[in-house]
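This briefing gathers selected local features of one protein chain and sets them out by topic. Please read it with the sequence and the structure side by side.

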Amino acid sequence: MREPLPADIETARFRLRPWRLDDVNDVLAYAQDPEWSRYLRLLPVPYGKEDAERFIARQLLRDAINHAAWALEFEGRAVGGVDLRFKFEHALAEIGYSLARTHWNKGLCTEAARAVIDTTFSAYLDLNRIHARADNRNTASQRVMEKLGMTREGVLRMSRVERGEAFDEVWYGILRPEWAESKGA
């Protein structure tokens with residue numbers, strides 16, 4: 001039986017922790033920002049309190065082994081999150097992350113995603129790969145992936161249609177040997 005990843009992950013500047021019911025207002029505060037949600041086309045527009053409540057409820061009900069998720073708590077508030085969706089039968093996981101716009105360009109997203117990747121590869125020795133994907137126009141997310149040591153693997157042209165718009169999706173990935181090399185192992 002596989003054990004879940006740690007519920008709390010500490011970094012030098014913040015902690016990743018389970019989502020809580022009292023995070024609703026924090027989520028609402030950043031998710032209502034149209035700049036924050038520009039590339040997150042699955043989100044409802046406008047984003048209301050009921051949407052934030054549904055988001056938190058889904059986080060609390062997730063199977064933590066197959067879909068781990070953490071709130072990024074910075075200065076006492078949830079300002080974003082990181083999640084991993086596993087496909088253990090293929091020895092891989094997909095990472096996703098988000099961060100309130102008021103905290104962009106501070107390295108928090110990279111630090112959070114790196115902590116999750118390090119924790120995951122250290123805990124699950126049979127995992128071969130972690131990948132991420134983003135709208136090809138989302139250069140900030142691509143910079144995060146590159147800082148994580150991920151390799152750009154390709155662009156799937158017009159691969160998704162959301163909100164009535166087709167868009168290209170860029171894929172990045174990091175393999176266990178690449179991660180181990182970056183850690184000096």
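Arginine 114 belongs to helix 3, which covers residues 108-123. In this predicted model, arginine 114 is partly exposed, because its relative accessible area of 32% falls between the 20% under which a residue counts as buried and the 50% over which a residue counts as exposed. The C-alpha atom of arginine 114 lies 9.5 Å from that of methionine 145, and the two residues are 31 residues apart along the chain.

**Backbone geometry**

- Most residues other than glycine have a negative phi, and most peptide bonds are trans.
- Against that background, the peptide bond that joins valine 45 and proline 46 is cis, with omega at about 0°, and proline 46 is placed in the loop between helix 1 and helix 2.
- Glutamate 75, although not a glycine, has a positive phi of about 55°, and this residue is found in the loop between strand 3 and strand 4 (77-87).
- The relative accessible area of glutamate 75 is 68%, so this residue is exposed, given that the class begins over 50%.
- Methionine 158 is a residue other than glycine with a positive phi, here near 45°, and its place is in strand 7, made of residues 151-162.
- With a relative accessibility of 60%, methionine 158 also counts as exposed.

**Second largest pocket**

- The second largest pocket holds about 210 Å³ of space, and its lining consists of 14 residues, with Ala7, Pro18, Ala64, Ala68 and Ala69 lying nearest its centre.
- Helix 2 (49-61) and strand 3 (67-74) are the elements that give two or more residues to the lining of this pocket, and strand 3 gives the most, with four residues.
- Sorted by class, the lining of the second largest pocket has eleven nonpolar residues, two polar residues and one charged residue.

Conventions: Residues are numbered from 1 along each chain as its sequence is written. This is a predicted model: local features need pLDDT of at least 70, side-chain atom pairs count only at pLDDT 80 or more; totals for chains, interfaces and linings use all residues. Side-chain values use heavy atoms; hydrogens and water are left out. On a 1 Å grid over the protein atoms alone, a cavity is a set of points where a 1.4 Å probe fits but cannot get out, and a pocket is an open set with protein on both sides within 12 Å along at least five of seven lines; lining residues have an atom within 4 Å of a point. Grid points are joined across faces, edges and corners, and a volume is the space filled by probe spheres set on the points. Ala, Val, Leu, Ile, Met, Phe, Trp, Tyr, Cys and Pro count as nonpolar, Asp, Glu, Lys and Arg as charged, and the others, Gly among them, as polar. Buried means under 20% relative accessible area, exposed over 50%, partly exposed in between (1.4 Å probe, protein chains only).
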